[in-house]
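Open the model in your viewer and keep the selection tool at hand. Each stop below gives something to select and says what is there.

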Amino acid sequence: MRKPVIAGNWKMYKLLSEAVNTAVGLKPLVANANDCEIVIAPVFTALKTVADRLEGSNIRVSAQDCATQNEFGAHTGEIAPVMLKDAGCSHVIIGHSERRQFYGETDESVNKKTHATIAAGLVAIVCVGEHLSERESGNANSVVAEQLNTGLAGLTVADMERIIIAYEPVWAIGTGKTATPEQAQEMHAHIRQTVAASHGNDVANAVRILYGGSVKPDNIATLMSQTDVDGALVGGASLEVESFASIVNFK
Ligand code: PEP
């Protein structure tokens, strides 16, 4: 059985006090969600304080990006995964489409960041997903397979225990357009097959695959009813305590 994961990506929202208030407000509302892992991803400057305030709770803290290496050095502006661990993080989101689209993230840098994240003892939430034009031209499966094959290259079976995959069709992120449950299921099954081909059936059956793209309280249940959907990466609807809590507590 794959334990569901509901992760909230707060993107570049919330000052420190707002991040703390949201995290603290969330705690009692999700305290009984024992059958699912809950992760929130505030901005870098809020990670340590939020992690401290969530200590002892069932909510884990994720960064939204990291450096490609753990060795300290002259890399102005970068933050190593070991530093994120030191700040109280357990997860790192890697290769989000906004990083790929606007900040030059490539499948190769995703691969380096994923290796560095695992070496630091953290869990990598590796994001993949096609653009609308790629879907319309019938290339969605090959685009996603390439992102996975390069992004996860060189990871051992043990490393793969620390991988969560997030399928986020770019055309569904922040647009209000959700993939239909059938579209999500079809791609999740394809992702699992791709992982089976690269890392074997046991790894493919165990890896959690989250859907992301305009997940809301009113569509989470149908998405989660799909066989290969193991959770959600939630952007906009994770910013408000009530909406994120009702996604976590979906029935
Ligand atoms: C995201 O940021 O990963 C995301 C899926 O955003 P939204 O839920 O707002 O579409």
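Helices (H or I, at least four residues) and strands (E, at least two) are DSSP runs, numbered from the N terminus. The model is a predicted one, in which local features need pLDDT of at least 70 and side-chain atom pairs count only at pLDDT 80 or more, while totals for chains, interfaces and linings use all residues. Residues are numbered from 1 along each chain as its sequence is written, and side-chain values use heavy atoms, with hydrogens and water left out.

**Stop 1: Val 248 and helix H12**

Select Val 248, which is found in helix H12. Is Val 248 buried or exposed? Buried means under 20% relative accessible area, exposed over 50%, and partly exposed in between, with a 1.4 Å probe and protein chains only. Val 248 has a relative accessible area of 4%, so it is buried.

Now show what surrounds Val 248. Contact means heavy atoms within 4.5 Å. Neighbours within four places in sequence aside, Val 248 is in contact with Ile 6, Val 30, Ala 33, Cys 36 and Ile 38. Val 248 and Ala 33 are 215 residues apart in sequence, but their C-alpha atoms are 7.1 Å apart in space.

Six of its eight residues are buried, so H12 is largely enclosed by the rest of the structure. The buried residues are Val 241, Ser 243, Phe 244, Ala 245, Ile 247 and Val 248. Their cover includes S1, H1, S2, helix H11 (220-224) and strand S8 (231-234).

**Stop 2: helix H1**

Select residues 16-30, which form helix H1. The expected span of a helix is 1.5 Å times one less than its number of residues. For the 15 residues of H1 this gives 21 Å, and the end C-alpha atoms are 21 Å apart, which agrees.

Colour Ala 19, Val 20, Thr 22, Ala 23, Leu 26 and Val 30, the buried residues of H1. Seen down the helix axis, they fall within an arc of 165°, so they line one face of H1. The arc is that of the directions from the helix axis to the C-beta atoms. The buried residues of H1 pack against strand S2 (37-41), helix H2 (44-54), strand S3 (59-63) and helix H12 (241-248). Turn the view to the face of H1 away from its buried side, which carries the exposed residues Asn 21 and Pro 28.

**Stop 3: helix H2**

Which residues of H2 are buried? Select Ala 46, Leu 47, Val 50, Ala 51 and Leu 54 to see them. They cover an arc of only 130° around the axis, which puts them on the same side of H2. What covers them includes H1, S2, S3 and helix H3 (81-86).

Next pick Thr 49, also in helix H2. Thr 49 counts as partly exposed because its relative accessibility is 30%. Leaving aside neighbours within four places in sequence, Thr 49 is in contact with Leu 16 and Val 20. Just after H2, Gly 56 takes a positive phi of about 85°.

**Stop 4: the loop between S1 and H1**

Most residues other than glycine have a negative phi. Select Lys 11, in the loop between strand S1 (5-9) and H1. Its phi is positive, near 45°, although Lys 11 is not a glycine. Lys 11 is buried, with a relative accessible area of 17%.

Lys 14 lies in this loop between S1 and H1 and also has a positive phi, of about 80°. The charged end of Lys 14 sits over the ring of Trp 10, 5.3 Å from its centre. A charge sits over a ring if NZ of Lys or CZ of Arg is within 6 Å of the ring centre and within 35 degrees of the ring normal.

**Stop 5: the nonpolar cores**

A nonpolar core is a set of buried Ala, Val, Leu, Ile, Met, Phe, Trp, Tyr and Cys residues joined through side-chain atoms within 4.5 Å. The largest has 68 residues, and those with the most contacts inside it are Ile 163, Ile 165 and Ile 191. Select Ile 191: not counting residues up to four places away in sequence, Ile 191 touches Val 128, Val 144, Leu 148, Ile 165, Tyr 167 and Ile 209. A second, separate core of 12 residues includes Val 39, Val 123, Ile 125 and Ala 166.
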